[in-house]
Amino acid sequence: MIKNISKFHFSSILEITPDKLSNFVDRLKKYFNSINFSSKLINHQSVEFASLKELLNYNNFSNERLKSVTINMRKDYDDSLSLSINNDGTYSYFLELFENLESEKVIIQEIEYLRRSSIVANSFVCFLLYLLRCAIIFFILNVLEYNSNTLKAIFSNYILVEIIIAVLLHYLIIKIQRYFIPNVVFLWGDEIGRIKRMKMIRNVIITIIGVFLTPFLTPFVIEKIKLFLTMIS
């Protein structure tokens, strides 16, 4: 018996569309004869789907939109596959086969192909979003620095307060970012319109932040570059 249990966290942004999911299921049908689907919703409820058509016809609306999708496949009582894709940027699978190495390789390749074919923003884009997040935190901390005398009069350990504020801002911005740019989107039903609106709002916000922060950050970046060049010269 071959057992393969894996869990991954990816640094890309994925859009799972009906076509991509349908193609994935169709390619694996020759290995399994029983397929069903289950999902967790944003409101923490669980839903079962008897077929792919039923899953893709789901409204995917508001707080009842899909948070994760799990595909359960089985061949009689022998081979089985359970693949879970979550909107927090993780996917995991449990694959159990009876002495069929070739099938295992093909199935794992198909799982990886589903992930790669669904990428709409790679790790470089995610890195740029990380830099933007750091820039926002840096800007807010510098605004607080201008009012440091007032804060120092209130808090005895001002440095500790700055660290706490930076951590809280980091997690707050991540929450906002994931609302506008989820790690995984199940792109059918009402989610299509919502994501389209979120992308428009996201682009406006990023443009405004970029235009606003660039004049502020440019002197700081130049100063740091000069300092670095001085240190290595």
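Q: Why is Arg 115 called buried in this predicted model?
A: Its relative accessible area is 18%. Buried means under 20%, so Arg 115 qualifies.

Q: What makes Glu 112 partly exposed?
A: Glu 112 has a relative accessible area of 24%. Partly exposed lies between under 20% for buried and over 50% for exposed, so Glu 112 is in that class.

Q: Why do Glu 112 and Arg 115 count as a salt bridge?
A: Their closest N and O atoms are 2.5 Å apart. The cut-off is within 4 Å, so the pair counts. The two residues are three apart in helix H3 (residues 101–117), or about one helical turn.

Q: How do you know that Glu 191 is buried or exposed?
A: Glu 191 has a relative accessible area of 6%. That is under 20%, so Glu 191 is buried.

Q: What does the salt bridge of Arg 65 and Glu 191 tie together?
A: The side chains meet at 4.0 Å, N to O. Arg 65 lies in the loop between helix H2 (52–56) and strand E5 (66–74), and Glu 191 in helix H7 (residues 191–232), so the pair ties together parts 126 residues apart in sequence.

Q: What makes Arg 65, Glu 191 and Arg 194 a network?
A: Salt bridges link them. Glu 191 meets Arg 65, and Glu 191 also meets Arg 194 at 2.9 Å, N to O.

Q: Why is Ile 163 called partly exposed?
A: Its relative accessible area is 48%. Exposed needs over 50% and buried under 20%, so Ile 163 falls in between. Ile 163 is found in helix H6 (residues 158–180) and belongs to a nonpolar surface patch that includes Leu 160 and Tyr 171.

Conventions: Residues numbered from 1 in each chain as written. Predicted model: local features only at pLDDT ≥ 70, side-chain atom pairs only at ≥ 80, totals over all residues. Heavy atoms only, no water. Patch = residues over 30% accessible without salt bridge, like charges linked within 9 Å, V, L, I, M, F, W, Y side chains within 5 Å. Areas by Shrake-Rupley, 256 points an atom, 1.4 Å probe, with all protein chains shown as cover. Helix = DSSP H or I, 4+ residues; strand = E, 2+ residues; numbered from the N terminus. Buried < 20%, exposed > 50% of the residue type's maximum accessible area, 1.4 Å probe, protein only.
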